[in-house]
Amino acid sequence: MSASLDTVDVLVWGGGTGGAAAAIQSARGGASTLLLTPGSWLGGMVSAAGVCCPDGNELTPWQTGLWGAFLRELERREPEGLDHNWVSCFGYRPTTAEQILQDWVAAESKLLWWPRCRLLEVQRQHSLITAVRVDVDGEQRRVGCQVVIDGSDRGDLLPLAEAPFRFGWEAQEQWGEPSAPGRQRLATEPFFQEHPVQSPTWVVMGQLQSAHLQADPGRGIDPAACPQLPAPFESACEAFGLERTLTYGRLPGGLVMLNWPLHGNDWHGGLDRAFGGDPLQEEELYAEMQAHSLRFAEALKEASGGWLQLGHAFPANSGSPTPWLAAMPYWREGRRMVGRVTVIEQDLLPLDEGPSCAPLPRDAVGALQSIAVGNYANDHHYPGPDWPLAPKSCRWGGRWTGTPFCIPYGALVSAEIDNLLAADKAISTSHMANGATRLQPLVLNVGQAAGAAAALSVASLLPPVELSVRQLQTVLIDDPVAPSAVVPLWTTPWHHPHWRERQEQALAEDCDWSRGGQDHLDALPLSLPPSSPQECVWAGLFSRDGRGCMTLTTDDGQIWPLITLEPGMHHWLASLQTPMALKLIGRPNPWGPWLCISRRVN
């Protein structure tokens, strides 16, 4: 069959969260853009894979860009709010997330989306990709393009483009990463060949029964209950008990995201079948993953006495095999492009103790190269005990959070193909660093940066490799819809009137920003966040211990842990003498449990 010819400015091979973000931002930047996805949904891990409790970028200084816009639209569309679980400050239904992204795609006149595609061929001339050939619902199409973006979870386009990529572990001797294994271990221990990438999960959705939706000890299960589940899940509840295991990923309406790493439904076996190019082997792997997750859900259903049932979360148009199984697996890692710059573990670690920042990425003349900010703590999934990682967490706002770090533009640009960008987990990182760069919020903003770069490339008639990073940073900061931070500033929330000014100031100043501008806090007027329908006034006795934990004891004797995501509230609470009577405004999460405080009552 001959392939018909189409031509666009920017072509995005998607299926991942970053691919959707890149396509939306490219079209908003004025480039004709085609988004190709293998499935019927386009959101990747934020929707189709069902990972609906995002990790990282939870503090308001990091709630910028498409991640911030996405978060605020979720808050508008979920009447119950987003604070329902204890692994994240945000939980939502996959259908809500997917509808937001599809609405954003539909709103862009320069963006065309082809679902249910199969990538057949990538055509190159020297250091440029000129076209791709795809199968779209049985019809072959050839699409010419100026810029190509791999926005997939697994880096699917890279081998077809013959773009250099990494897969699996790197030895400590390569970059001196503190948590990487040595070369001798890699060569002699079978573990590293059997588990070349982090273990994925096929998310299955549960539903807490209506009689137990509220956090009432008299209506749920014994919080201390720790039943032994059948093999291979015997120890799944040991660390936290059954109730906490179930409510880890609680969502609006009592849906429960089952994405449990502790002897739960992570999948560890035969992952090479997903990267060998054999569709039958991939189908076999997927069937095993799905069956494993369903067995886990059934074990929890039995142990909870029916409190947990299977939940209806994925409609037929998602491509899911059942209403409770995600439409695709949650891939934590795949092929990683060799870029102009590679993010390694040391690029994520704090420069100082306490709330500081990781080293800012600079070029040879000292110019800042950052195009996105992340802060996840770093986390790797394999069978057996946790892999020991260099610590990068700190106490802030009454909770643990991660050190903020930056992604340099060079990590998005192929080392050999001048018009190829990466926008999801295939950006240029080490295996160790991937544990912190793979999360939904950062991937949304990395995708936004890739899309902005692609549109800028088309407009300036320059390949992405030749773009001015400073110009790209200005485009991201000044974006009229979703302004995105490129410098991590602990003291400046997204809603602050001086946010843009502070970002520009940090780019212009030749100074040490390792502490994220915390010394400038007193010079900034206080900025209050938008109010939330879930908030109310809480009065009680405030206290704080020596470990950074804060509580509010209300008049009825209930003790609530306090957290805040707001810099102004964090510094005010830290300055108080304790104990003392306070009136605070915040939203309760009995499953955390915590009160998330946004402001005080004067």
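Mentor: Two strands are said to pair if DSSP finds at least two bridges between them. Please keep that in mind, as the model before us is predicted.

Trainee: Which residue is the bridge partner of L119 in β5?

Mentor: The partner of L119 in that strand is V134.

Trainee: And how many bridges join β4 to β5?

Mentor: Eight bridges link β4, residues 117–125, with β5, residues 128–136, and the two strands run antiparallel. Two residues lie between the strands of this hairpin, where H126 adopts a positive phi near 60°.

Trainee: On to cysteines. How many disulfides does the structure hold?

Mentor: The structure holds zero disulfides.

Trainee: Are C117 and C145 buried or exposed?

Mentor: C117 is buried, its relative accessible area being 5%. C145 is also buried, with a value of 11%.

Trainee: New topic: what is the volume of the second largest pocket?

Mentor: Its volume is about 1,100 Å³.

Trainee: Which residues lie nearest the centre of that pocket?

Mentor: They are P38, R154, D156, E282 and Y286, out of 38 residues that line the second largest pocket.

Trainee: How many lining residues are nonpolar, polar and charged?

Mentor: The lining of the second largest pocket divides into 18 nonpolar, 10 polar and 10 charged residues.

Definitions and conventions. Residues are numbered from 1 along each chain as its sequence is written. This is a predicted model: local features need pLDDT of at least 70, side-chain atom pairs count only at pLDDT 80 or more; totals for chains, interfaces and linings use all residues. Side-chain values use heavy atoms; hydrogens and water are left out. Helices (H or I, at least four residues) and strands (E, at least two) are DSSP runs, numbered from the N terminus. A disulfide is a pair of cysteine sulfur atoms within 2.5 Å. Buried means under 20% relative accessible area, exposed over 50%, partly exposed in between (1.4 Å probe, protein chains only). On a 1 Å grid over the protein atoms alone, a cavity is a set of points where a 1.4 Å probe fits but cannot get out, and a pocket is an open set with protein on both sides within 12 Å along at least five of seven lines; lining residues have an atom within 4 Å of a point. Grid points are joined across faces, edges and corners, and a volume is the space filled by probe spheres set on the points. Ala, Val, Leu, Ile, Met, Phe, Trp, Tyr, Cys and Pro count as nonpolar, Asp, Glu, Lys and Arg as charged, and the others, Gly among them, as polar.
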